Amino acid sequence: YTITTTGSSCDEKSIQGVVTVNPAPKVVNSSGNINQAVCEGNAINTIVFRLEGAQRANVSGLPSGVSFDISGATLTIFGTPNDVSSNQTFSYTVEPVNTTSNCVGTPISGQITVNANGTLDNISNNANQAVCENSPISQITYSLSGGATGVTISSNSGANTWLNAVVNGDNVIVNGTPPADIDTQTTYDYTITTTGSNCIQDTSSGFITVNPDSELSPITSNT
């Protein structure tokens with residue numbers, strides 16, 4: 001371009017310059033869904049981007065276990081999300097950068113939702129117990145975490161018919177009284193299984209041994 005003075009009756013002066021416009025680098029999703037939902041411990045479907053006029057990219061917001069790699073004009077996001085204590089959505093961005101012009105292009109954004117496995121921990125440390133006939137068990141307490149919101153009780157020996165589980169916030173309280181009128185020592189198995197997670201459920205098992213009451217029967221004899 002040229003800028004020339006005006007208004008003088010003598011010689012006008014001019015100055016010239018050049019403005020160079022560098023094209024903005026671009027990033028384009030070429031394969032793989034940029035928005036995904038997976039269970040923790042499962043690999044995401046690989047997401048591939050094409051870089052146009054860019055030699056590198058600023059990538060941020062990926063969950064732990066997921067990373068990216070640039071090879072030529074191809075940027076690939078891959079990996080296995082882990083270490084989530086609850087269901088979490090991670091918003092990430094890929095911003096193309098031209099290292100020659102230092103121009104930054106419009107970023108592209110996506111979301112990776114990581115669903116947590118159900119987790120169950122026996123925090124009262126009394127999953128195995130021995131009680132007397134007609135006596136309730138000591139309260140058993142579990143903590144719920146991850147994607148777990150509740151539990152079910154199963155048993156091969158029928159303990160699920162008299163054991164009860166109550167969810168109180170992040171804790172589960174299990175109590176109950178075994179059946180009476182037994183003649184010999186009886187052992188009941190039980191398994192607590194988490195519910196609520198769309199991924200892997202957790203379990204915890206134990207045994208309740210019931211001892212019969214002592215009985216005294218009169219003995220009569222004929223003389």
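The model is predicted.

The secondary structure consists of strands, 18 in number, with zero helices. The radius of gyration is 35 Å, whereas the globule rule gives 17 Å for 223 residues, so the protein is more spread out than a compact globule. A box of roughly 155 × 35 × 20 Å, taken along the principal axes, holds the C-alpha atoms.

Of the 223 residues, 35% are buried. The accessible surface amounts to about 12900 Å². Carbon and sulfur atoms account for 46% of this surface. Contacts were also examined by sequence separation. Among those between residues at least 6 apart in sequence, 59% link residues at least 24 apart.

The charged side chains comprise 4 positive and 16 negative ones. The centres of these two sets are separated by 47 Å.

Strand E6 covers residues 56-60, and strand E9 covers residues 88-97. These two strands run antiparallel and are joined by five bridges. Within it, Ser91 has Gln111 of E10 as its bridge partner.

How values were computed. Residues numbered from 1 in each chain as written. Predicted model: local features only at pLDDT ≥ 70, side-chain atom pairs only at ≥ 80, totals over all residues. Heavy atoms only, no water. Helix = DSSP H or I, 4+ residues; strand = E, 2+ residues; numbered from the N terminus. Rg over C-alpha atoms; globule rule 2.2 N^0.38 Å. Buried < 20%, exposed > 50% of the residue type's maximum accessible area, 1.4 Å probe, protein only. Contact = heavy atoms within 4.5 Å. Areas by Shrake-Rupley, 256 points an atom, 1.4 Å probe, with all protein chains shown as cover. Lys, Arg positive; Asp, Glu negative; His and termini not counted. Charge placed at Lys NZ, Arg CZ, Asp CG, Glu CD. Pairing = 2+ DSSP bridges.
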